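Here is a friendly briefing to read alongside the model. Have the sequence and the 3D view open as you go through the points.

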Amino acid sequence: MKQHQPQWFTYDWQIDGDDAQFCADLSLYDFAPDLQNGVLLYMNCAAKDAGKPLDAALERRAEGVLKKCLKATMPLYAGYIRTQDAKQFYFYVPEMRYLAALEEIAKKERGLFCRAGAQAEPEWQTYFHLLYPDAAKLQTEQNRLHIALLKKHGDNPAAARRVRFHVFFPSEPIVKYFGEEARQKGFAMGENAFLPELETPYGVSLHKIATLDKKEIDRLTTEIIRLAENYEGMLKDWDCQLIPKKPVF
């Protein structure tokens with residue numbers, strides 16, 4: 001693999017139904033799968049007391065374990081998944097024998113319960129299907145930025161309001177079929193639009209009453225993106241009325 005400059009992207013998602021923070025090195029995408037590094041290694045770090053949250057001190061220890069893994073095996077570091085009580089790092093290496101180095105690190109670690117594992121992954125399934133963000137996962141970061149901007153301008157994110165989601169498709173008839181299914185899922189239909197500069201120029205807005213709670217917006221954008229993908233469409237963006245916080249006297 002050619003040398004690359006890591007490009008880390010962090011986003012909110014879920015794993016096994018639990019909230020999690022994901023992070024992936026996007027720069028690996030253009031080189032993957034790398035046939036010379038077809039073995040996936042992972043290192044899971046958790047508190048020694050089962051179920052105890054991974055607090056700031058324990059997370060610093062986990063980052064120390066990561067540094068030891070990188071120094072010991074010189075792997076391709078693909079990213080991590082961080083849940084409330086654990087942080088799991090993912091690497092790609094040439095051979096299974098590299099697992100022994102991670103197992104030794106896990107055995108010597110005193111502040112955390114660490115567990116290492118490996119599996120053959122010539123197609124880099126974990127990277128492409130778990131870590132690397134698709135359109136819905138990328139949108140969660142755009143949601144965070146948009147909500148933060150509204151808050152900066154005095155918005156009350158807990159206030160319910162009409163949120164408009166702008167979705168675009170390659171042809172006009174598809175908009176109708178998409179709209180029918182969207183209505184069945186509880187969205188109201190808004191105005192149609194045409195943006196010839198887009199590859200998918202035929203658009204429609206969906207309306208939903210919602211707060212600006214990020215989890216709620218993430219759920220809605222994910223549902224819309226997944227539905228639009230069935231019709232070769234894409235979510236372009238969303239907007240809403242700014243509802244200012246009430247002054248405190």
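Of the 249 residues in the chain, 45% count as buried, where buried means under 20% relative accessible area, exposed means over 50%, and partly exposed lies in between (1.4 Å probe, protein chains only). This is a predicted model, in which local features need pLDDT of at least 70 and side-chain atom pairs count only at pLDDT 80 or more, while totals for chains, interfaces and linings use all residues. Residues are numbered from 1 along each chain as its sequence is written, and side-chain values use heavy atoms, with hydrogens and water left out.

**The chain as a whole**

- The chain has 6 helices and 10 strands; these are DSSP runs numbered from the N terminus, with helices being H or I of at least four residues and strands E of at least two.
- Along the principal axes, the C-alpha atoms fill a box of roughly 60 × 55 × 30 Å.
- The accessible surface comes to about 13900 Å², and 52% of it belongs to carbon and sulfur atoms; areas come from the Shrake-Rupley method with a 1.4 Å probe, and for residues only the protein chains shown count as cover.
- Among contacts between residues at least 6 apart in sequence, 75% join residues at least 24 apart, a contact being heavy atoms within 4.5 Å.

**Helix 1**

- Helix 1 (residues 56-73) has 18 residues and reaches 26 Å from its first C-alpha to its last, close to the 26 Å expected at 1.5 Å a residue; the expected span is 1.5 Å times one less than the number of residues.
- Its buried residues are Leu58, Ala62, Val65, Leu66, Cys69 and Thr73. They sit on the same side of helix 1 because they cover an arc of only 105 degrees around the axis, the arc being that of the directions from the helix axis to the C-beta atoms.
- These buried residues pack against strand 3 (39-46), strand 4 (76-82), strand 5 (86-93), helix 2 (99-108) and strand 6 (113-120).
- On the face turned away from the buried side, helix 1 carries the exposed residues Ala56, Arg60, Lys67 and Lys71.
- At the start of helix 1, a side-chain oxygen of Asp55 comes to within 3.2 Å of the backbone nitrogen of Ala57.
- Met74 follows helix 1 and has a positive phi, near 50 degrees.

**Nonpolar cores**

- The largest nonpolar core has 26 residues, of which Phe165, Val167, Phe169, Phe178, Leu206 and Trp238 touch the most other members; such a core is a set of buried Ala, Val, Leu, Ile, Met, Phe, Trp, Tyr and Cys residues joined through side-chain atoms within 4.5 Å.
- Helix 6 gives the most to this core, with 6 residues.
- Apart from this core lies another, of 25 residues, among them Leu66, Tyr80, Tyr98 and Leu102.

**Backbone points worth a look**

- Most residues other than glycine have a negative phi, and most peptide bonds are trans.
- A cis peptide bond, with omega about -5 degrees, joins Ala32 and Pro33, and Pro33 lies in the loop between strand 2 (18-25) and strand 3.
- Trp124, in the loop between strand 6 and helix 3 (125-131), has a positive phi of about 55 degrees and is buried, with a relative accessible area of 0%.
- Glu232 has a positive phi near 60 degrees and is exposed, with a relative accessible area of 60%; Glu232 is found in the loop between helix 6 (214-229) and strand 10 (234-240).

Definitions and conventions. A polar contact is a pair of N or O atoms within 3.5 Å; within protein, one must be able to donate a hydrogen and the other to accept it, and residues adjacent in sequence count only if both atoms are side-chain atoms.
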